[in-house]
Amino acid sequence: MSLDHARPRRRLRDHSFGLARKLMRVNWLFVACVCALAGVGYAALYSAAGGSPEPYAEGQIIRFVAMLAVALGIAMVDIRTIAKASWPAYAVGVLLLLVVMKFGHTGLGAKRWITVGGMEIQPSELMKLFLAMGLAAYFKRATPEQTGNLVFVLPALAAILVPVALILKEPNLGTAVITGAIGATVLLGAGVRWWWFALVVAVIALSAPILYHHLHDYQKARIITFLNPGSDPLGAGYNIIQSQIALGSGGLTGQGYLHGTQNQLNFLPEKQTDFVFTIIAEEFGYFGSLGVLGLLFAIIGLALYTAVSCTHVYGRLVALGISTNFFLYCFVNLSMVMGLIPVGGVPIPLISYGGSALTAVMLGFGVLMSIHVHRYVEFAGPDEA
Amino acid sequence: MRKIARERSAFTRRALLIGGGQAAVFGGIAARLYNLQITQHSKYALLAEQNSISERLVAPERGLITDRFGTIVAGNQQHWRALFMQAMAPEPQMVLENFFKLVSVPPEEQARIAQDVQNRPRYIPVLLKDYLDWPDMAAIEINTPNLPGVLVEVGASRVYPLGPGLAHAVGYVARPSQREAKDDTVLALPGMRVGRTGVEAYQDESLRGVPGFVQTETNVHGEVVREVAHDAGTPGQTVTLAIDAGLQQLAVQGLGNEAGAVVMLDATTGEVLAMASSPSFDPSLFDKGVPADVWNGWINDPKHPLQNKATSGLFAPGSTFKPTVALAAMKAGVLDETTILTCPGFFKLGDHVFWCDNHTAHGSITVTTALQVSCDVFFYQVALRVGIDNIAGMATTMGLGVDLQADMPNVATGLVPTLDWAAAHGIHWVEGSTVVQGIGQGYTQLTPLALATMIARLATGRAVGPHIARRVGGVLQDGSSPDDWPDLGVDDRHLAIVRQGLFEVVNTPNGTGYGARLTLPNVQMAGKTGTAQTHDNTAAEKQQGFNDMTMVWEQRPNALFVAYAPFDNPRYAVAVVVEHGNYGAQTAAPIAHDMMTYALVNDPAGRDAPLAGPAQSGAQALPPSSSL
């Protein structure tokens, strides 16, 4: 970071520049990592279908390529233009959550989906990106005095709690918690005081029993079977047991591609979505798992690098939010697969089969790449306006 | 500027802290994975080995078909078959290769199996081979380790104890086609059969049943460790036919090697007591697949063994149509019991001469005598008087040329022409066409089932319709009671006149059916013979003085006989058609005589089997026939 300070001011501040230069500025290492992860996803889905591109792998890779093109397109858009759209995007996100509450179709007992032009979207996925953008826009010119002032921070808290409450109502506990965590991380990045977070965490911990009381039955069932998976080996605990067997039987080098017995014998229901990691772990062993973990963390690290190297507050905060979102996807999914936290229907990004999460993640990556490309641009400050 | 820099370094510090925390979490995940995949590997590898529960659907037992006294006419016999559960096989292709090396499977079957393995849901087992013999079984058992996913289990095949004796009425089953199996997954189950003809086809849904399932615990090699749960499903319902196997056997014997059909009805209810079509075929062959040479033999046989002539064979009714013409004429008011018409042995209409049978001159006679001696000239004149549409109207009332709503597939409607029909088909209707209509020739085409219905309606004055299923799942079907059928709406006096004529046919020495009179005490049969030309004799043949007996078989007239008994309290109605059998009295009437005698002595109508008994327990072996 001291290197950044040493750079001449001329190079720190870009006003505008052409497409060719923008393309050179794209973090191609990041793009390569994302593509590699999508490749892993293709291999896993190919195996999940018993060694066939149908019905999962082919459709998924086509969607990925399309979304990659969209993301690169977004990367070419000036981040200041995107910043101007932050609050409208946030408003649209909240509106979509309201729409899904009223008209959405029910999947697995929860109203999460709406169909727009034949494409199923899950507004809560988009909301996570829009929340980060909205908060970043709010804090982009905040002084340390302001971020230390509770009255200034309160509207931001409200902006977090509204979508979190709506997502809780769907009900989708996992995504609600993730959304709240993203909001908290952005606040943290904006400079809000440490001990306020400690206080909030303490309050949540104390109120956990009350919250549990208000959970839906299926959510309680998840927690109970998580605590004791053997209690119902063919029911709710089945997934946890089967996925642990899949992971454990992989060993150091795995059972070989397309030869994982748990996968190929269909002991895992819906293995192509939430439990897709078990296919990799079973067929490629610990080496394969570590490889995927490394790839995931490389993407998180490169996103954090974008945040740290960005010269404007807006870009830093949005990049932090996007990297946090990606991290939380990975954390929740992997913990769930390994039986560390209750099963929560959170996919592993770019590997799991399904369009909604992929769309949301790639849109976020588009914004992230735009931040990287435009990390030296100057936002018009209040004094210059 | 400095403030901004300070602020930025504060952000960087926090971002790195967050990144560090995330790295720690990833480290924790990696550690947990190490614990699962390396430290506890042997434990989980063992668990994977023992896995797990798999479920598959099993075909239900097909419902039985019995005669009215419980004699099984379509049952199930157990045999061994090999199935393949691909969900249990890590490498299906290899398993199939191994299997084909051990057990001989024809190439087209191998192709079918490969297709099924590819296309069907994994919980539906694929049939590898039916009817395993002991060498096959032994080969599979010994090589079980090389055949993960291959199961040997008991399957049921369809057997027909009466064989060709009731083949047409009961029909047969066959494996569902690929398309049917695709539309209905249940049909994809090995052992499922679909009725193709007869009662098997018409009652297919009742006979099919509901599939069950088997849950088995298997290890990773696909070997079944134990059965966890078993649900046999619901067997198909038993269909009890109105058929009396004894009467049926008599009908088949009566037809012998002749081609033709016999239908006997309960005249008061329309229940089909016997229905035979000759020649016949062995319906059991369809379950396993008919060998090509047998199939080609059937298809090329000029006597059409696969066709159910009783329901879909169309024949000119000949003189058996005369009672209907008489009823039409009486209804139209152009004929009564006193009307006398003269038969000089021929009838001249314009330039054309219509001959009476064998050019016999019957003299001046009434309608009863005309029926008794089967005078053609009398009915030529009656037909002209009553007109074609009136005849067709009465035919409809008698169940001729109409849809009888029978509970059987492939029942032909037949044809009784009307002027509208002729116009619609571009036929120029002339008076001569009406004349031949009077003796059941010309365009008229009827099935033996319709003729039996006609004589039953004539006998009882009720509009009975033929139906073959008496009970389905033990429940008596509509139409089994005489009260289920409405009045025919034909004047009783007219019916009485015609019945008197038919009585004289059989019971007076001049009657054409005198030879078939019953020898039982106090019981008489009434009937009508028919001899229907199938070939227009050429002028050259007429010149030579043609003789029906010396003609080639295909050109001989069809022999028909319809009858009911007892005369004073009708209960049984029968129609017999012997293809190219020459005179009805000569070949058709004796069959009716024998069946009627049997029916009157044993009186099967109105009785049936007790509902409990072998009919309900399909899994048992076939019990010996009890009703004969």
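A residue counts as buried if 20 or more other C-beta atoms lie within 10 Å of its own. By that cut-off, buried residues make up 50% of the 385 residues in chain A. The model is predicted.

**Chain A.** Chain A holds 18 helices and 3 strands. Take its contacts with a separation of 6 or more: residues 24 or more positions apart account for 72% of them.

**Where chain B touches chain A.** The contact involves 36 residues of chain B and 42 residues of chain A. On the chain B side, helix H1 (2–39) and helix H2 (41–50) each supply at least two residues. H1(B) gives the most, with 22 residues. By class, this side of chain B has 22 nonpolar, 9 polar and 5 charged residues.

**Paired strands in chain B.** Strand S17 of chain B, residues 469–472, has partners in S10(B) and S18(B). The table sets out the two pairings.

| Strand pair | Residues of the partner of S17(B) | Sense | Bridges |
|---|---|---|---|
| S10(B) and S17(B) | S10(B), residues 239–241 | antiparallel | 3 bridges |
| S17(B) and S18(B) | S18(B), residues 475–476 | antiparallel | 2 bridges |

In S17(B), Val472(B) is the bridge partner of Val239(B). Val472(B) also stands opposite Val475(B) in S18(B).

How many residues lie between S17(B) and S18(B) in their hairpin? There are 2 residues between the strands. One residue in the turn is Gly473(B), with a positive phi of about 60°.

Terms used
Residues are numbered from 1 along each chain as its sequence is written. Chains are lettered from A and ligands numbered from 1 in the order in which they are written. This is a predicted model: local features need pLDDT of at least 70, side-chain atom pairs count only at pLDDT 80 or more; totals for chains, interfaces and linings use all residues. Two residues are in contact if their C-beta atoms, placed from the backbone, lie within 7 Å. Helices (H or I, at least four residues) and strands (E, at least two) are DSSP runs, numbered from the N terminus. Ala, Val, Leu, Ile, Met, Phe, Trp, Tyr, Cys and Pro count as nonpolar, Asp, Glu, Lys and Arg as charged, and the others, Gly among them, as polar. Two strands pair if DSSP finds at least two bridges between them. A residue is buried if 20 or more other C-beta atoms lie within 10 Å of its own, exposed if 12 or fewer, and partly exposed in between; C-beta atoms are placed from the backbone.
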